[in-house]
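Colleague: I have a model open and want to learn how to read it. Where do we start?

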Amino acid sequence: WNEGEAASLADPNVFDESFVKEIANCVQIGLLCVQEVADDRPNVSTVIWMLTTENMNLPEPKQPAFITRREKSEGESSNQSSQKVSINDVSLTSVTGR
């Protein structure tokens, strides 16, 4: 998204050049919905309006609320899976059956 390649997020099996602008708009609206500050996020009626209005100038999205990243300790081998950690120290729960 930051590199202007929102269309590369689309599935290449169904990608069509004629939908590049629509793909970018949908990604931008999605990013607006997950901004860090809740007051910056659009409400549902605004999102519907954004999705149905053509040729609309959408605001630039700010920092998303949660970003996960992979971290490896120095001693961790490459064949072990890395634990996902949130940059804002939110805990992640893994659900497993008994």
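Modeller: With a term. A pocket is an open set of grid points with protein on both sides within 12 Å along at least five of seven lines, and its lining residues have an atom within 4 Å of a point. Keep in mind that this is a predicted model.

Colleague: Which element gives the largest share of the lining of the largest pocket?

Modeller: Rolling a probe the size of a water molecule over the atoms shows where empty space is left. Here the largest pocket has a volume of about 220 Å³. Of its 13 lining residues, E22, N25, L51, T53 and E54 are the closest to the centre. Two or more lining residues come from each of α1 and α2. The largest share, five residues, is from α1. By type, the lining has six nonpolar, four polar and three charged residues.

Colleague: How far apart are the end C-alpha atoms of α1?

Modeller: They are 20 Å apart. Helix α1 covers residues 20-33, so at 1.5 Å a residue its 14 residues should span 20 Å, which agrees.

Colleague: Which residues of α1 are buried?

Modeller: An α-helix has 3.6 residues a turn, so residues three or four places apart point the same way. In α1, the buried ones are I23, V27, Q28, I29 and L32. They pack against α2, residues 44-52.

Colleague: Which residues make up the largest nonpolar core?

Modeller: In soluble globular proteins, nonpolar side chains tend to be buried together. This core has six residues: I29, L32, V47, M50, M56 and L58. Helices α1 and α2 each give it two or more. Beyond its neighbours within four places in sequence, M56 is in contact with W49 and M50.

Definitions and conventions
Residues numbered from 1 in each chain as written. Predicted model: local features only at pLDDT ≥ 70, side-chain atom pairs only at ≥ 80, totals over all residues. Heavy atoms only, no water. Helix = DSSP H or I, 4+ residues; strand = E, 2+ residues; numbered from the N terminus. Expected span 1.5 Å × (residues − 1). Buried < 20%, exposed > 50% of the residue type's maximum accessible area, 1.4 Å probe, protein only. Contact = heavy atoms within 4.5 Å. 1 Å grid on protein atoms, 1.4 Å probe; cavity = no way out; pocket = protein on both sides within 12 Å on 5 of 7 lines; lining within 4 Å. Points joined across faces, edges and corners; volume = space filled by probe spheres on them. Nonpolar A, V, L, I, M, F, W, Y, C, P; charged D, E, K, R; others polar. Core = buried A, V, L, I, M, F, W, Y, C linked by side-chain atoms within 4.5 Å.
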